[in-house]
Amino acid sequence: MNVHEYQAKDLLREFGVKVPAGRMVTSAEEARRAAEELGGSVWVVKAQIHAGGRGKGGGVKIAKSPQEAADLAARMLGMKLVTHQTGPEGKTVHWVYVEQGSKIARELYLGIVLDRKTSRLTIMASTEGGVEIEEVAARHPEKILRVAIDPAVGVQGYQVRRLAFGLDLGAAGAKELGPFLTGLYKMFLEKDASLAEINPLVVTESGEIIALDAKLNFDDNSLFRHPDVAALRDVHEEDSKEIEAKKHDLSYISLSGNIGCMVNGAGLAMATMDIIKLYGCEPANFLDVGGGANKEKVTAAFKIILSDPSVKAVLINIFGGIMKCDVIAEGVVAAAKEAGLKLPVVVRLEGTNVEMGKKILKESGLALVSADGLADAAKKVTDLVKKK
């Protein structure tokens, strides 16, 4: 789960991580008052969406008066902000963050992520702040510092000094960096984060180290332990189909293609998407109904696929093990009849109760295309789409 910048900074403050003073606003008047109450002579007005590259898209602006902050907020609220991460459709801005301006001496990068090779949380840092870290890794990998943290002891002094030296912060900078790293690491552990990225991490003219921007992601599987974090979810930023899928405990990810997929098992789902691409088309979703799905769950899954207007055909690929083919068939028939199915559907069933499942589909009265094997199913569904 992602959170907005203003929410991330509120969490960081709780753990003693330095961030500029700021206020979230939803109107121009609130923005004007926020600037006045925050004080200073310069403010930064930031559109809040779950995507990077906001500055390049016009979502981060400097205001030199409270009235200018209000004017900028008025223009941002409700706008469709397009960045390299949103795609051409962009995202609607519902929230704006007004923040005190900072006197920046240097911009750095700092992040914490799980390194799956070492099975340890790893701090990454770079002198190339304000730039996409992927770009730095591709062009200047030598400029990325990495420190793996032993979970038994946490962040150690020698690791702080190593990073401070690599970032050319000096002794005074190391003293500032220590509490910052400790607080960030503690937040990461206690809140079950999956990513913490501070870009840029800035050194001010007075020598303070502060998080000028903050991106935090959290493990969805841990949210039951953190109702405070779960409450930060912004449904405006999420696909409505993915939200509906969560209600039914379905693993669903919306994609950009036009062939809807309903599969049981993540590995089989990925193989299904691969073979659709092999035959010249694109999957519209990843959808794993799981091994223990019932009729109601399958019905919900099929409805979610059909609710996507980009879907031109559906491929159902089920290998019956724990999941029985007749249960899948009953769910598909129920959902198709309830939704008034008008799209072509190709069904490939194998495994437990496969003959019962095929019989249910055949006697349903629906225009379903049966397939023998995954390649046959992929060819039939892609041919149907290409004919449209």
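Colleague: Which residue in S6 is the bridge partner of Trp-43?

Modeller: In this predicted model, the residue of S6 that bridges to Trp-43 is Gln-100.

Colleague: How do you know that S2 and S6 pair, and in which sense?

Modeller: Two strands count as paired if at least two bridges are found between them; S2 and S6 have six bridges, and the sense of their pairing is antiparallel.

Colleague: What makes S1 and S3 the edge strands?

Modeller: The four strands form an open sheet, with antiparallel pairing, in the order S1-S6-S2-S3, and S1 (22–25) and S3 are its edge strands, since each of them pairs on one side only. On average, neighbouring strands of this sheet are turned by 25 degrees against each other, with direction ignored.

Colleague: Which helices pack on the sheet, and which strands do they touch?

Modeller: H2 packs on the sheet and touches S1, S2 and S6, its direction making about 170 degrees with that of S1, while H3 packs on the sheet and touches S2, S3 and S6, its direction making about 160 degrees with that of S3.

Colleague: Which residues of H3 are called buried, and why do they line one face of the helix?

Modeller: Buried means under 20% relative accessible area, and in H3 (residues 66–76) the buried residues are Ala-69, Ala-70, Leu-72, Ala-73 and Met-76. Seen down the axis of H3, these buried residues fall within an arc of 165 degrees, and therefore they line one face of the helix. They pack against helix H2 (28–38) and against the strands S2 (43–48), S3 (60–63) and S6 (95–100).

Notes. Residues are numbered from 1 along each chain as its sequence is written. This is a predicted model: local features need pLDDT of at least 70, side-chain atom pairs count only at pLDDT 80 or more; totals for chains, interfaces and linings use all residues. Side-chain values use heavy atoms; hydrogens and water are left out. Buried means under 20% relative accessible area, exposed over 50%, partly exposed in between (1.4 Å probe, protein chains only). Helices (H or I, at least four residues) and strands (E, at least two) are DSSP runs, numbered from the N terminus. The arc is that of the directions from the helix axis to the C-beta atoms. Contact means heavy atoms within 4.5 Å. Axes are lines fitted to C-alpha atoms, for helices over the stretch in contact, and angles run from 0 to 180 degrees between N-to-C directions.
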